[in-house]
Amino acid sequence: MATIVVGYIDNPPGNRALELAIEEARHRNATLIVVHSLRGGQHTSAEEIHASREALERVETRLASEDIEYEVETFVRGQAPSEDLLQVAAERHADLIVVGYQKRSTTGKLLLGSTPLAVMLGAQSPVLAVSAP
């Protein structure tokens, strides 16, 4: 069975990436692995952790209503989200990685965003980068 890994954060690009990953999982009859990563420690506030838990509960509810196999993995271990996402993708032999990115100004387009760019440069699998409409 194919495997799709999606990096999830509760923002418009993250939610769009999740929706497209669900569509791809359904189309490919694949297992969907949702990866949510927080750096932790002094980099992550209690409010961020609480908001993340609530968002992941909504994701679990959403995925339970779909006719796909899925897993949700959360990491808080001091690594950059791109590192966690790439590690899961490599360990699970992902057929596709999906990441969201925010639209940027003309100058900002050169940088794309640190997590999506790091994933694209480090991935051993195809990467689908999506922005929110």
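1. How many helices and strands does the protein have? There are four helices and five strands, where helices (H or I, at least four residues) and strands (E, at least two) are DSSP runs numbered from the N terminus. Read from the N terminus on, the order is β-α-β-α-β-α-β-α-β.

2. On provenance, this is a predicted model, in which local features need pLDDT of at least 70, side-chain atom pairs count only at pLDDT 80 or more, and totals for chains, interfaces and linings use all residues. Residues are numbered from 1 along each chain as its sequence is written, and side-chain values use heavy atoms, with hydrogens and water left out.

3. Of the 133 residues of the protein, 40% count as buried. Buried means under 20% relative accessible area, exposed means over 50%, and partly exposed is in between (1.4 Å probe, protein chains only). The accessible surface comes to about 7,500 Å², computed by the Shrake-Rupley method with a 1.4 Å probe; for residues, only the protein chains shown count as cover. Carbon and sulfur atoms hold 50% of that surface.

4. Among contacts (heavy atoms within 4.5 Å) with a separation of 6 or more, 74% are between residues 24 or more positions apart.

5. Which residues of H3 are buried? They are Ser-82, Asp-84, Leu-85, Val-88 and Ala-89. Seen down the axis of H3, these residues fall within an arc of 165°, so they line one face of the helix; the arc is that of the directions from the helix axis to the C-beta atoms. The buried residues of H3 pack against strands S1 (3-7), S2, S3 (69-76) and S4, and against helix H4 (114-122).

6. Ser-52 sits in helix H2 (residues 46-64). Is this residue buried or exposed? With a relative accessible area of 11%, Ser-52 is buried. Leaving aside residues up to four places away in sequence, Ser-52 touches His-36 and Leu-38.

7. Two backbone angles deserve a look. Asn-29 has a phi near 55°, a positive value in a residue other than glycine. This residue lies in the loop between helix H1 (12-28) and strand S2 (31-38), and is exposed at 57% relative accessibility. His-93, also not a glycine, has a positive phi of about 50°.

8. A salt bridge here is a side-chain nitrogen of Lys or Arg within 4 Å of a carboxyl oxygen of Asp or Glu. By this rule the count is seven. In one of them, Glu-19 pairs with Arg-62, with the closest N and O atoms 2.5 Å apart. Glu-19 lies in helix H1 and Arg-62 in helix H2, so the pair ties together parts that are 43 residues apart in sequence. Glu-19 is partly exposed at 27%, and Arg-62 is partly exposed at 25%. Glu-19 and Arg-62 are also linked with Arg-26 and Glu-66 in a network of salt bridges.

9. Two further pairs can be checked. Glu-71 and Arg-92 form a salt bridge with the closest N and O atoms 2.8 Å apart. Glu-71 lies in strand S3 and Arg-92 in the loop between H3 and S4, so this pair joins parts 21 residues apart in sequence. Glu-24 and Arg-28 meet in a salt bridge (2.7 Å, N to O); both lie in helix H1, four residues apart, about one turn of the helix.
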